[in-house]
Amino acid sequence: MCKDFAQRGLSLAAGTLTNGFKRMPALFAPVIQPFKEKQLSETLFHNDETYWKEYELTESKRNTHWYLWLFRSPSVTLFIAANNRSGDTPIEYCEKLTEVGYVIVVCGRYSAYKRLARLNQRIILAFCWAHVRRDFLDYARSYPKLCEWVQHWVDQIAKLYHINHQRLPHWNPAVPLAAQSIDFNSQQVVLEQAIAQVKADYTQALLELDPKTQKIQVAVFNQPASTLGWINRLCHQPRRTDGQ
């Protein structure tokens, strides 16, 4: 890190940098709790987790293999470092939700999130289309003979992204879904019809596939039917086609 700063014209001693990091927790402490309280009152989350190197060993963790959990709501982006990927981190955090209604969690199909929804009945999972799209592309690399078939489903997902992008400019975050404008509702109908068509095509395709291909399609679309609509219907934050 010192070398990186030096290349940018700022020369720092390692001790100066380390001492600065040690001072930071106390400076951030007064604002962390208000951020959490605000986020826990919201109803839409984008969650993810990634491998993270942590070089300070603890009594309970004698190696550097940690995980960084992301909780992103409309107002707050929060990262929590944990020494495991068991799912206890999102479960414990979401136990503190103050919103009385349902809460949408957009996430991958990692089993920890399924466990979260099972233990917290207020959580509705919206599995991310970007993950589904990536899985199809991964299978195309593993099974080259299925590339044409895979591309069909990638194109179907791209169509959903396009329709959703047409819908988003008409979304008014100040009013509920039922009170949106005529322009929004017209795009909403188009999107719901497209999702229903994907589901119908998927159901029909399963009947026509050989066992190996059928296993792939079940794997990548292994989510409740209601979830297919939730992510496009309720998750109104604009996203690029790569899921970011």
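Colleague: To start with, how much of the protein chain counts as buried?

Modeller: Keep in mind that this is a predicted model; within it, 36% of the 244 residues of the protein chain count as buried.

Colleague: And which elements does the chain run through, from the N terminus on?

Modeller: The protein chain has nine helices and five strands, and from the N terminus on they come in the order α-α-β-β-β-α-β-α-β-α-α-α-α-α.

Colleague: What share of the contacts is between residues 24 or more positions apart?

Modeller: If you take the contacts in the protein chain with a separation of 6 or more, residues 24 or more positions apart account for 56% of them.

Colleague: Let's look at H4, then. Which of its residues are buried?

Modeller: Helix H4 covers residues 111-119, and the buried ones there are Ala-112, Tyr-113, Leu-116 and Ala-117. Looking down the axis of H4, you find these buried residues within an arc of 140 degrees, so they line one face of the helix. Arg-118 and Leu-119, on the other side of H4, are exposed.

Colleague: Since H3 came up, is Thr-89 buried or exposed?

Modeller: Thr-89, which sits in helix H3, has a relative accessibility of 14%, and because the cut-off for buried is under 20%, Thr-89 counts as buried. Apart from neighbours within four places in sequence, Thr-89 is in contact with Trp-69, Phe-71, Ile-80 and Ala-82.

Colleague: Switching topic, at what angle do H5 and H6 pack?

Modeller: Helix H5 (residues 129-142) and helix H6 (residues 147-167) pack at an angle of about 165 degrees, and their axes are 9 Å apart. That angle makes H5 roughly antiparallel to H6, and the crossing of the two is left-handed.

Colleague: Which residues meet there?

Modeller: On the H5 side they are Trp-129, Ala-130, Val-132, Arg-133, Phe-136, Leu-137 and Ala-140, and these meet Cys-147, Trp-149, Val-150, Trp-153, Val-154, Ile-157, Leu-160 and Tyr-161 in H6.

Colleague: How many of those are nonpolar, polar or charged?

Modeller: Sorted by class, the contact of H5 with H6 has 14 nonpolar residues, no polar ones and one charged residue.

Definitions and conventions:
Residues are numbered from 1 along each chain as its sequence is written. This is a predicted model: local features need pLDDT of at least 70, side-chain atom pairs count only at pLDDT 80 or more; totals for chains, interfaces and linings use all residues. Side-chain values use heavy atoms; hydrogens and water are left out. Buried means under 20% relative accessible area, exposed over 50%, partly exposed in between (1.4 Å probe, protein chains only). Helices (H or I, at least four residues) and strands (E, at least two) are DSSP runs, numbered from the N terminus. The arc is that of the directions from the helix axis to the C-beta atoms. Axes are lines fitted to C-alpha atoms, for helices over the stretch in contact, and angles run from 0 to 180 degrees between N-to-C directions. Angles under 35 degrees count as roughly parallel, over 145 as roughly antiparallel, 65 to 115 as roughly perpendicular and the rest as oblique. A crossing is left-handed if the near helix is turned anticlockwise from the far one by less than a right angle, and right-handed if clockwise. Contact means heavy atoms within 4.5 Å. Ala, Val, Leu, Ile, Met, Phe, Trp, Tyr, Cys and Pro count as nonpolar, Asp, Glu, Lys and Arg as charged, and the others, Gly among them, as polar.
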